[in-house]
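Here is a briefing on one protein model. Look over the sequence and the fold before reading the points below.

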Amino acid sequence: MILILLGAPGSGKGTQAGRISDMRGIPHISTGDIFRKNVKEGTELGRKAKEYIDKGLLVPDKVTNGIVEDRMSKADCSKGFILDGYPRTTAQAEMLDSVLSRMGVKADAALNIKVPDADVIHRLSGRSVCRCGETYHVDYKTPKKKGICDKCGNKLYVRDDDKQETVRKRLKEYHEKTSPIIDYYRKAGILIDIDGIPLPDMVTESIVDVLKSLETL
Ligand SMILES: [Zn+2]
């Protein structure tokens, strides 16, 4: 099964993609994770990507397309995969279609996880992280000692792309560039809207229901 997950930054689509990936045993391809890994390792791609990500801008199509095509051609993708964070522009969506048709397959569904902007800003700007990988939030998960990680005792920090100004910029970018691909998949007849406001477990349930109904078609 080939799934495309759409949704603003902070919509929870990464979490949902991870869960579906585990349940279905198909890889979760997150362009954000691939970029962050490269930034951390200081690769050429990482340096290029960081310039854009830090400014709250999208990484250019040429860079992104190459990475995704390379990842989709790996053996573990033969039974399907979930794309998270890609495509983000109509040009990328068209590129994806042509790569998939070369592979002799097509996307089963584009799931659009919908969360209002105000909720996204609240979710993201309240988040802090630790170098060990733990994530905290002012409302949902506070550390026992303010600003200090429960797990390892290190100081928490706000990721550059979670700062409120950057979040607003990311949302603006998202709506400008991604809205057309929602129309693109709607026209293709594979777009399915998912309400992203409820708790993550409930969002997962509605996605599972959608996938079941797809299989019985
Ligand atoms: Zn920690």
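Which strands and which helix do the buried residues of helix 1 pack against? They pack against strand 1 (2–7), strand 2 (28–30), strand 3 (81–84), strand 4 (109–114) and helix 8 (200–215). This is a predicted model: local features need pLDDT of at least 70, side-chain atom pairs count only at pLDDT 80 or more, and totals for chains, interfaces and linings use all residues. Residues are numbered from 1 along each chain as its sequence is written.

**Overall build**

- The protein has eight helices and seven strands. Helices (H or I, at least four residues) and strands (E, at least two) are DSSP runs, numbered from the N terminus.
- The radius of gyration is 17 Å, close to the 17 Å that the globule rule gives for 217 residues, so the protein is as compact as a globular protein of that length. The radius is taken over C-alpha atoms, and the globule rule is 2.2 Å times the number of residues to the power 0.38.
- Along the principal axes, the C-alpha atoms fill a box of roughly 50 × 40 × 35 Å.
- Of the 217 residues, 27% are buried. A residue is buried if 20 or more other C-beta atoms lie within 10 Å of its own, exposed if 12 or fewer, and partly exposed in between; C-beta atoms are placed from the backbone.
- Among contacts with a separation of 6 or more, 69% join residues 24 or more positions apart. Two residues are in contact if their C-beta atoms, placed from the backbone, lie within 7 Å.

**Helix 1**

- Helix 1 covers residues 13–24, and its twelve residues should span 16 Å at 1.5 Å a residue; the end C-alpha atoms are 16 Å apart, which agrees. The expected span is 1.5 Å times one less than the number of residues.
- Lys-13, Gln-16, Ala-17 and Ile-20 are buried in helix 1.
- Seen down the helix axis, the buried residues fall within an arc of 100°, so they line one face of helix 1. The arc is that of the directions from the helix axis to the C-beta atoms.

**Strand 1 and its pairings**

- Six of the six residues of strand 1 are buried, so the strand is largely enclosed by the rest of the structure.
- Ile-2, Ile-4 and Leu-6 point one way from strand 1, while Leu-3, Leu-5 and Gly-7 point the other way.
- Strand 1 runs parallel to strand 3, joined by four bridges. Ile-4 has Leu-83 as its bridge partner in strand 3. Two strands pair if DSSP finds at least two bridges between them.
- Strand 1 also pairs with strand 4 in the parallel sense, over five bridges. Here Leu-6 stands opposite Asn-112.
- Strand 4 in turn runs parallel to strand 7 (residues 191–195), with five bridges. Leu-111 is partnered with Ile-192 of strand 7.

**Nonpolar cores**

- The largest nonpolar core has 29 residues, and Leu-3, Leu-5, Ile-82, Leu-83, Leu-111 and Ile-113 touch the most other members. A nonpolar core is a set of buried Ala, Val, Leu, Ile, Met, Phe, Trp, Tyr and Cys residues joined through C-beta atoms within 7 Å.
- Elements that each supply at least two residues of this core include strand 1, helix 1, helix 5 (90–103), helix 6 (117–125) and helix 7 (164–187).
- Strand 1 gives the largest share of this core, five residues.
- A second, separate core of six residues includes Phe-35, Ala-49, Ile-53 and Val-59.

**Local features**

- Asp-161 sits in the loop between strand 6 (135–137) and helix 7. With 17 C-beta neighbours inside 10 Å, Asp-161 counts as partly exposed.
- Leaving aside neighbours within four places in sequence, Asp-161 is in contact with Ile-53, Gly-56, Thr-166 and Arg-170.
- The C-alpha atoms of Asp-161 and Asp-54 are separated by 6.4 Å, though the two residues are 107 residues apart along the chain.
- The peptide bond from Tyr-86 to Pro-87 is cis, with omega near -5°. Pro-87 lies in the loop between strand 3 and helix 5.
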